[in-house]
Amino acid sequence: MDLQKNNKSFQLGNTILPNNVFYSPLAGCSDYPFRMMSAKYGPGLIYCEMVKMDALIRNDPSTFRILDFHTSMHPIGAQLVGSKPEIAGKAARMVRDMGFDVIDFNCGCPVDKVTKDGSGSGMMKNPEKIGEIIANMVAAVDIPVTVKVRAGWDEESINAHEITKIAEQAGAAAIAVHARTRKQAYQGPANWDYITRCVEAADTIKVIGNGDLFSAEAAEQMLAQTGCDAVLVSRGTMGQPWIAEDILRRRENLPIIPRGIKECREALMEHFLYTLSYENERRIAIDMRRVGCWYIKKSTGAGNFRGLISKASSIEEIRALIRDFPIEES
Ligand SMILES: Cc1cc2nc3c(=O)[nH]c(=O)nc-3n(C[C@H](O)[C@H](O)[C@H](O)COP(=O)(O)O)c2cc1C
């Protein structure tokens, strides 16, 4: 067995990452407070939410805010979405100059608003252009460039394995493969065989498996079943920022730290405090409606809590709801 998959460190291009368990870009979710929570549990790499290359190069302030990070979040990756090879190098250089460790090119976003100009998963219909954009990024920066794809546009046009070769030739250090088609969006189980096909196509490029990783067992199974080099956890990080720690502990035959409702409530309070120190009051209320439900979903009081937090508007109301959340297990 490849020792690197068991050892803690992971080589990505010219960069050594602490391990091969990565946290996904999640638009509207993997914001600064989320990444503060994530960083505590030692993932090998944390990606920010995707940002548009166009918006970046016109110095859009909200784009810079999405890319804001704290030193504790290193190693950290920025993800760029767009379809214009002529601005890809400039956008990549801007991100590198901000201090990012890795740049990812998004070829997976399924949203119509993004695909309509050929961006996101729309790029899957134009593999040569993917190669062109990656090559321009690689030429512009001295940090690793990765690309994140879906299995294909639909089941009739599976081409992630072909894009693996194209990305490799263009100089990408890794390809992350979300094992669903664009047509599937986020529905139905991921088919990890699509990841295996990319592993088989890869020569020097690393393959990062993605899709349906909600537990340490699943991560271990994906690595063993597909032979991928690293795993990218996505929805599995929501409300369990410690999943990287779980995966790494299981690998070392250490017991996974049990976390019941009490610990989840404490983590939610911590996430709330990070949000409090970073966002304005209106934003905090909106964010906690989403975040609150992630952490306490296993509890009997979850439905009631969801109702209450969706109406709460003041910081003190939200703080009290979290503090007083009943801790009986369901
Ligand atoms: C709310 C949400 C936001 C997402 N945002 C992004 C994004 O910004 N960039 C990206 O490449 N993928 C994004 N994804 C896709 C995930 O990174 C991942 O590929 C997908 O959820 C499959 O993994 P999972 O089944 O383990 O959740 C998003 C997914 C969700 C659910």
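Predicted model: local features only at pLDDT ≥ 70, side-chain atom pairs only at ≥ 80, totals over all residues.
The domain assignment divides the chain into domain 1 (3–251) and domain 2 (261–323). Their C-alpha centres are 29 Å apart. Domain 1 contributes 7 residues to the contact between them, and domain 2 contributes 9. On the domain 1 side, the touching residues comprise 6 nonpolar, 1 polar and no charged residues.

In soluble globular proteins, nonpolar side chains tend to be buried together. Here the largest nonpolar core holds 85 residues, of which Ile-134, Ile-175, Val-177, Ile-208 and Val-231 touch the most other members. Beyond its neighbours within four places in sequence, Ile-134 is in contact with Phe-105, Val-145, Val-147, Ala-167, Ala-170, Gly-171 and Ala-172. A second, separate core has 16 residues, including Phe-272, Ile-284, Met-288 and Ile-322.

The ligand is surrounded by 23 residues, the closest being Ser-24, Ala-27, Met-50, Ser-234 and Arg-235. By class, this shell contains 9 nonpolar, 10 polar and 4 charged residues.

Helix H2 illustrates an element within the protein interior. Because 7 of its 8 residues are buried, H2 is largely enclosed by the rest of the structure. The buried residues are Pro-33, Phe-34, Arg-35, Met-36, Met-37, Ser-38 and Ala-39. They pack against strand E3 (21–23), strand E4 (45–52) and helix H12 (261–276). Ala-39 belongs to this helix, which spans residues 32–39. Ala-39 counts as buried because it has 20 C-beta neighbours inside 10 Å. Apart from residues up to four places away in sequence, Ala-39 touches Ile-46, Ser-72 and Met-73. Ala-39 and Ala-244 are 205 residues apart in sequence, yet their C-alpha atoms are 9.7 Å apart in space.

Helix H11 (residues 243–251) contains Ile-243. With 26 C-beta neighbours inside 10 Å, Ile-243 is likewise classed as buried. Leaving aside neighbours within four places in sequence, Ile-243 is in contact with Val-233, Gly-236 and Thr-237.

The peptide bond from His-74 to Pro-75 is cis, with omega near -10 degrees. Pro-75 is placed in the loop between helix H4 (61–66) and strand E5 (76–81). Asn-59, although not a glycine, has a positive phi of about 60 degrees. This residue lies in the loop between helix H3 (53–57) and H4. Asn-59 is exposed, since it has 9 other C-beta atoms within 10 Å. Asn-253 is also not a glycine and has a positive phi of about 60 degrees. Asn-253 occupies the loop between H11 and H12, and its 6 C-beta neighbours inside 10 Å make it count as exposed.

Methods:
Residues numbered from 1 in each chain as written. Domains from an automatic or database assignment. Contact = placed C-beta atoms within 7 Å. Nonpolar A, V, L, I, M, F, W, Y, C, P; charged D, E, K, R; others polar. Core = buried A, V, L, I, M, F, W, Y, C linked by C-beta atoms within 7 Å. Buried ≥ 20, exposed ≤ 12 C-beta atoms within 10 Å, placed from the backbone. Near = placed C-beta within 6 Å. Helix = DSSP H or I, 4+ residues; strand = E, 2+ residues; numbered from the N terminus.
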